[in-house]
Amino acid sequence: MPNYRPVLFLCALAVAACKQQSSPNGAGAPQAGGASTQAAAPSGNEILIGATLPLTGSESRTGGFYKEGYELAFEEANQKCGIDVGGKKMQVRLTLLDDTSAQATAASLADRLINSDKVQFLLGTYATNLVEAQSVVAEQNAIPYVNGGGAATAIYKRGYKWVFGLLAPVELLAESIMKWVDTEQQAGKLPKPATIALLWENTSHGKDFRKGVTEWADKTKNYKVVVDESFELAGKDFSALLGQVKAAKADLFLADAHLPDYITMQRQYVTAGLCNKVQSYGARGAEKQAAESLGKKNVEYILSAVWWSALLAEKNPEAKKFVDLFKAKYGGRSPEWYQALGYETARALFTAITQAGSTDREQVKQKLAALKIPSLLPGGELTFPAEFGQQTHAPFVVQQNLPDGTAPIVAPPDSATGKGTAPNPNCAK
C-alpha cells in the first residue's frame with residue numbers, strides 16, 4: 001500500500017501557514033477538515049457554508065460517506081489558503097448538523113442555518129425526501145443550495161431558481177440499466193419478450209425509477225412488466241412482495257431501493273431461494289458494505305447504474321485527482337460514488353463563488369446557473385441545464401458484481417472496463 005504520510009504532513013504544514021496568514025495568533029481559523037457542529041460569525045477572511053447530513057438514523061452510513069466528501073473538499077480548498085474571491089483568498093468553513101434522516105428535521109435545521117447561524121450558502125443533505133423538503137427552505141430564503149443527494153425530478157420541476165442538483169435523474173438510471181439489458185437481449189442471451197418483476201420505493205425517487213423502466217418496456221415492446229409493486233422506506237419484511245416475484249417467474253428482477261432496504265431485501269431474496277436472469281437494485285449493488293453484510297457470494301451478478309465509479313479514474317483526469325486525494329486522506333481506502341458526489345458538490349459551489357468574485361448570493365446563483373467546468377462525473381463535464389430545472393444530466397455508468405469481488409463498468413462502451421454477464425449463471429446451478 002502506498003505511504004501517504006508525507007502528503008498528509010505537507011497538507012498539515014499548508015493549513016498551518018494559512019492559519020497564520022488569516023489570524024496573527026492563529027485563533028478563529030477553520031480546522032483542516034473545515035467541519036463544525038457549532039456556528040460562529042465568519043471572520044472577514046472566511047466564508048461560512050452550512051449543511052445537514054443524516055449522520056444518525058436509517059441513512060447514517062451514507063450520510064457519513066457524504067461527510068467524508070465534504071470534508072475532503074473543504075480541506076483541499078483551505079490547504080491553498082482558501083478560495084479566490086475577487087483576488088482575495090478566503091477560507092471556507094463548514095457548519096454541519098445532523099438531520100437524523102428525518103424530513104422535518106432537515107427542513108428545520110436548514111432554516112436554523114440560514115436565519116440563526118447566518119451561513120452564506122447551503123450544501124444539500126442526502127436522500128430525495130430530505131432534499132425535497134430542505135430545498136423549499138433554501139428557495140424561500142433566496143440562498144444558493146447545491147446538492148449531490150437528491151435525484152428525483154420532482155425536486156427540479158418546481159421552477160426553483162436557487163436549487164442546483166449534481167445527481168442525474170433516476171429515470172436515466174433506469175434507462176441505462178435497460179439499455180444494457182436490451183443489448184444482451186439483442187445478442188440472444190435473454191428471452192424476447194422478457195418479463196419484469198418491478199419493485200420500487202414509494203418516493204419520488206422510486207416513482208422515477210418505475211417510470212424509466214415502464215416507458216422503456218412500452219417503447220421497445222420487448223418487455224412485459226408482470227409485477228409492479230411499491231414499498232415503504234426502512235422496510236423490515238419484504239417476504240410478501242418477494243413471494244409475488246417468485247410466483248411470477250420473471251426473467252428480470254428490477255428493484256429501486258436505498259441502501260438499508262437493498263441489504264434487507266437481498267438477504268430475504270436469497271433466503272427465499274430466488275434467482276432471476278438479471279437482477280438490479282437501481283443504484284445499489286457494488287457497495288462494499290453490502291457485500292460484507294450479505295456475503296460476496298450473495299451479491300454476485302447484481303447490476304447497478306451509478307452516478308460515479310472510482311474506475312473512471314482510468315480515463316478521467318478529474319476523477320483520478322479526486323481518487324488520489326481521497327486515498328491520501330483516508331489511508332488508501334478507495335471512494336464510492338457517495339464521497340465523490342459530496343466532494344464535487346462542494347467544489348461546484350467553491351468554483352461559482354470564485355467565478356462570481358464575490359460572496360453576493362445573487363451573483364453566485366448566476367454563476368451556478370451558467371457553470372460549465374471539467375468534472376469527475378461521467379462525461380467529464382458539470383452543468384446545471386435550465387431546461388431540466390438546474391439538474392445535471394451526466395450519464396450513468398453500469399456496473400456488475402463478479403465472483404472475483406470486482407465490479408467493472410460494463411456500459412456505456414466508452415467508459416467500460418470489463419464485460420457483463422447475462423443470464424446469471426448461478427440460476428442454472
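A: Happy to. By class, 11 nonpolar, 3 polar and 5 charged residues make up the lining of the second largest pocket. Here Ala, Val, Leu, Ile, Met, Phe, Trp, Tyr, Cys and Pro count as nonpolar, Asp, Glu, Lys and Arg as charged, and the others, Gly among them, as polar. The model is predicted, so to speak of local features needs pLDDT of at least 70 and side-chain atom pairs need pLDDT 80 or more, while totals for chains, interfaces and linings use all residues. Residues are numbered from 1 along each chain as its sequence is written, and side-chain values use heavy atoms, with hydrogens and water left out.

The second largest pocket has a volume of about 370 Å³. Its lining consists of 19 residues, and those closest to the centre are S176, K179, A411, P412 and P413. Two or more lining residues come from each of α5 (170-186) and β16 (409-411); α5 gives the most, with 7 residues. (Helices are DSSP runs of H or I with at least four residues, strands are E runs of at least two, and both are numbered from the N terminus.) On a 1 Å grid over the protein atoms alone, a pocket is an open set of points with protein on both sides within 12 Å along at least five of seven lines, a cavity is a set where a 1.4 Å probe fits but cannot get out, and lining residues have an atom within 4 Å of a point. Points are joined across faces, edges and corners, and a volume is the space filled by probe spheres set on them.

The backbone here deserves a look too. The peptide bond from A411 to P412 is cis, with omega near -5 degrees, and P412 lies in the segment after β16. Another cis peptide bond joins K192 and P193, with omega about 0 degrees; P193 is in the loop between α5 and β8 (194-201). Most peptide bonds are trans, and most residues other than glycine have a negative phi.

Now for the largest pocket, with a volume of about 600 Å³. Of its 30 lining residues, A286, K288, Q399, G405 and A407 lie nearest the centre. By class, this lining has 14 nonpolar, 9 polar and 7 charged residues. At least two lining residues come from each of α9 (288-294), β12 (302-306) and α10, and α9 gives the most, with 3 residues. Between α9 and β12 there is a loop that holds Y301, and the phi of Y301 is positive, near 70 degrees, in a residue other than glycine. Domain 1 (5-168 + 314-388) and domain 2 (170-306 + 400-428) each supply at least three residues of the largest pocket's lining; the domain bounds come from an automatic or database assignment.
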